[in-house]
Amino acid sequence: QVQLVESGGGLVQPGGSLRLSCAASGSIFSINAMGWYRQAPGKQRELVARIISSGSTNYADSAKGRFTISRDNAKNIMYLQLNSLKPEDTAVYYCNIVGSSSRYGGGFDAWGQGTQVTVSS
C-alpha cells in the first residue's frame, strides 16, 4: 500500500508564492508518473502539472510560466512551486502517483488527501 501526504497549502495574497510537497511512503518499486491536480468548488478536478519517469513535464495552460513541478527521486517526494498566484488558483490541490509495488506487478494509482490553497487579499 502506498500513502501520499501533502503539505504546504495555505492562505496567500495575489502575486504570492507557495511550495507544495507530496511525500510518498509504502511499497514503491517504480514510479511511472507523478502529478498535481486541483479541484475548485463546483468544478471538476483538473490536471495542473505532471512529470513522468523520463523527467519530461507537462503543464496546464493556466500553470505554464508560473508553476514548476519537481521531484526528489531518492526521497520519493514531489514538489509544486506556485508563483504569481491568482484568486482563480484557489482550490484543493491533490498529488497523484502511478507506479508499481514490485518488479512483478502490483500497480498502484495513489492519491493524497489534498491541501487547500486560498489566494485572496
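Contact is defined here as heavy atoms within 4.5 Å. The structure is a predicted model, in which local features need pLDDT of at least 70 and side-chain atom pairs count only at pLDDT 80 or more, whereas totals for chains, interfaces and linings use all residues. Residues are numbered from 1 along each chain as its sequence is written, and side-chain values use heavy atoms, with hydrogens and water left out.

The chain contains 0 helices and 11 strands, strands being DSSP runs of E with at least two residues and helices runs of H or I with at least four, numbered from the N terminus. Of the 121 residues, 40% are buried, that is, under 20% relative accessible area with a 1.4 Å probe and protein chains only; exposed denotes over 50%, and partly exposed the range in between. Among contacts with a separation of 6 or more, 55% join residues 24 or more positions apart.

Gln81 lies in strand S8, which covers residues 77-82. Because its relative accessibility is 25%, Gln81 counts as partly exposed. Apart from neighbours within four places in sequence, Gln81 contacts Ser17, Leu18, Arg19, Arg66, Phe67 and Thr68. The C-alpha atoms of Gln81 and Phe67 are 5.4 Å apart, although 14 residues separate the two in sequence.

Leu82 touches Gly16, Ser17, Leu18, Leu20, Arg66, Phe67, Tyr93 and Val117, residues up to four places away in sequence not being counted. Leu82, Phe67 and Tyr93 are among the residues that touch the most other members of the largest nonpolar core, which has 29 residues. Such a core is a set of buried Ala, Val, Leu, Ile, Met, Phe, Trp, Tyr and Cys residues joined through side-chain atoms within 4.5 Å.
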